[in-house]
Amino acid sequence: MGSESTASAPRWAALARDTNETKIQLALNLDGGDFPPDTDSRLLSDKDESHASQASKSQTISVNTGIGFLDHMLHALAKHAGWSLAIKCKGDLHIDDHHTAEDVCIALGYAFATALGSATGLARFGHAYCPLDEALSRAVVDLSNRPFSVVDLGLKREKIGDLSCEMIPHCLQSFAQAGRITLHVDCLRGDNDHHRAESAFKALAVAVRHATTRVKGREGEVPSTKGTLSV
């Protein structure tokens, strides 16, 4: 009965993370649908006209970090991972994009780990290849509780929109660290940096979706030869 209730429990989390550099409100549901009841009212009351907003019968997505290309990448991540995701951030963009991009991805990783809880009964591993026109990326994910990341996107521009290209792999690394997962993301080919980055986020999304899938018949089982995935 315990494993059945765990298997049907909502996998969601809400948080507010305020520092001198950023003020973030975030709500996440790994399976789409509604947001948790403790979602910050500022996320639900504001009418967000951002381009990174989308609502369907299965998902609600609204991302507004103040950095358009970061919004675009997180929108793609949520959409193809099957999440409902709402993020609002007010950061010190008068300095640069670093604190906002880093803190948003730390907050997202922490919410992911909180929503996921235990990897019991899950596939644990996921991998995916995703193209975007001439670009092709590969992502491999392990819900290991052992945070580690290897990211090689081969980006050449200084910026895409208002997001520094050096921050794009750092965002993925920050998500992996806070989310306590191992991830490897590589762009295998591509000429356009926008395409290279977006194909990478889409590949990560699909890999995460596969890794977090509940495996029928394995309820209550820990997907590890150790018998645990805890530290």
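Predicted model: local features only at pLDDT ≥ 70, side-chain atom pairs only at ≥ 80, totals over all residues.
View 1. Setting aside its neighbours within four places in sequence, Leu136 is in contact with Tyr129, Cys130, Pro131, Asp186, Cys187, Leu188, Arg189 and Ser199.

**View 2. Helix H4 and the residue just after it.** Helix H4 comprises the 19 residues 98-116, which at 1.5 Å a residue should span 27 Å, and this agrees with the 27 Å between its end C-alpha atoms. Because 14 of these 19 residues are buried, H4 is largely enclosed by the rest of the structure. Just after H4, Gly117 takes a positive phi of about 65 degrees.

**View 3. Phe112 and the largest nonpolar core.** This core has 62 residues, of which Leu26, Trp83 and Phe112 touch the most other members. Helix H6 (residues 193-211) gives the most to the core, contributing ten residues. Not counting residues up to four places away in sequence, Phe112 touches Leu28, Leu30, Trp83, Leu143, Phe175, Gly179, Ile181, Val208 and Thr212.

**View 4. Packing of helices H3 and H6.** The axes of H3 (residues 68-81) and H6 lie 7 Å apart at an angle of about 30 degrees, and the two helices are therefore roughly parallel to each other. Their crossing is right-handed. On the H3 side the contact is made by Phe69, His72, Met73, Leu74, Ala76, Leu77, His80 and Ala81, while the residues of H6 that take part include His194, Phe201, Leu204 and Arg209.

Technical notes
Residues numbered from 1 in each chain as written. Heavy atoms only, no water. Helix = DSSP H or I, 4+ residues; strand = E, 2+ residues; numbered from the N terminus. Expected span 1.5 Å × (residues − 1). Buried < 20%, exposed > 50% of the residue type's maximum accessible area, 1.4 Å probe, protein only. Core = buried A, V, L, I, M, F, W, Y, C linked by side-chain atoms within 4.5 Å. Contact = heavy atoms within 4.5 Å. Axes fitted to C-alpha atoms, helices over the stretch in contact; angles between N-to-C directions. Parallel < 35°, antiparallel > 145°, perpendicular 65-115°, else oblique. Left-handed = near helix turned anticlockwise from the far one by under 90°.
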